[in-house]
Every structure is written in C-alpha cells, then in structure tokens.
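Hi everyone, thanks for making time.

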Amino acid sequence: AGGVGKTTLAKALYNKLVGSFQCLVFMKNDRENSEIDDDLVYLQNKLVNHLSPGKPPVYRIDSGISAIKAMVHEKQVLVILDDIRNVRQLEVLIGRRDWFSEGSRIIITTRNRDVLPDHLVNGFYEVRELAFTEALQLFSFHALRREKPTERFMNLSKQMVSLTGGLPLALEVFGSFLFERWRIEEWKDAL
C-alpha cells in the first residue's frame, strides 16, 4: 500500500549501510509508463549515472545492459530501486544475480509483489500498517511533539489515528497539519 513506509525504511537501511559497500545507489523510479523502451533506457541511464557519474549515456536497452553489467561485476554495490512497477524494469536494470560481484545487495521496493521474480529474490519483507499504539505515538509526536496525547486531545487523536488506518505517511501529514493548533475546534474541523 502507498504511504506505509517502504521508501522511508529503504532510505534508513541505505544510511545504515553507507560504509559497507564500494558503491551505493538509491534510485527512485520516476517513470509512469515504464515498459516503453525510451523510459527503460532513461532508467538505465539514471542507474549508470549513479554507478559512474560522467559516464556517457546509452541509447539502446542492450547497450544499457552491457554498461550496467560491466560496472557492477567488479565491485560490491548496494542498489536500492524504489517503486519498481514491472518485471521488465528489473530485467533491464539488474538482470540476473550473476551480473553482480559477490557481497553486493539489491533492495527493491514495490507496491506489487508480482513484479519480483523468484529467480532474483532471496527474501521478502512486507511493510505493514502500524499497530494502534504505535500509530497513536507517531501521530502524537507530529501533532503535539510528545509521546502521548494530552487528556484534552486524546479522543480526537484516537479518532484521527483510526481514520488513517495506521499508515505512517497519513499520520505524519495529519499530525504535522495539527501542530501548534491548540483549539479543539480546529482539531474537530480537521477530523
């Protein structure tokens, strides 16, 4: 689901592993129609530029595959591909495991588990919505800058948390919107 925290977790992992790899790439998929060859070549060039800044662009999928393979075969890399939408993207960006040097890691975030082929994936981690207590705490941090809502805002906070379905992004957005709004009426209007 959108807003559950996939990208946030991937970024946190990236930041934690910064010193462990020769090359690190965090690449967001910013192509809506990503099965068109031009869009796939664009994504390949984006990855090539992350792996080796200043490298000349590629103009065909097969030359993009060759360029990527050559770059990732010789060094340990961490590649995080965020918001992958189809299998074809993975085929042209990371191909097969044997493209990569031993010790390399590839992390893929997606809303659709079906885009992750078994021959590429070692393991899955499904990010779920927050439990109610954790969701209330996150909302409270953003709305009130405290771990728990005050008694005055407790019921309204619980209602807000229920409406968000435990989605961290929604909790942060609503909580931030209500920050420094101290009138109950403002909270009721927001609700």
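Predicted model: local features only at pLDDT ≥ 70, side-chain atom pairs only at ≥ 80, totals over all residues.

Okay, strands. Find strand β2, residues 77–82, and strand β3, residues 105–108: they run parallel, and four bridges join them.

Now for the helices. Look at α6, residues 151–164, and α7, residues 168–178. Their axes come within 9 Å and cross at roughly 145°. The crossing of α6 and α7 is right-handed. Which residues make the contact? On the α6 side, we have Met 160, Val 161 and Thr 164, and α7 brings Ala 170, Leu 171, Phe 174 and Leu 178. Sort the residues of that contact by type and you get six nonpolar, one polar and no charged.

Last stop, the loops. Arg 145 sits in the loop between α5, which covers 132–144, and α6. Arg 145 isn't a glycine, yet its phi is positive, about 60°. Then there's Glu 180, in the loop between α7 and α8, the latter being 184–190. Glu 180 isn't a glycine either, and has a positive phi of about 65°. And is Glu 180 buried or exposed? It counts as exposed, because its relative accessibility is 56%, and the cut-off for exposed is over 50%.

That's my tour, thanks!

Notes: Residues numbered from 1 in each chain as written. Heavy atoms only, no water. Axes fitted to C-alpha atoms, helices over the stretch in contact; angles between N-to-C directions. Helix = DSSP H or I, 4+ residues; strand = E, 2+ residues; numbered from the N terminus. Left-handed = near helix turned anticlockwise from the far one by under 90°. Contact = heavy atoms within 4.5 Å. Nonpolar A, V, L, I, M, F, W, Y, C, P; charged D, E, K, R; others polar. Pairing = 2+ DSSP bridges. Buried < 20%, exposed > 50% of the residue type's maximum accessible area, 1.4 Å probe, protein only.
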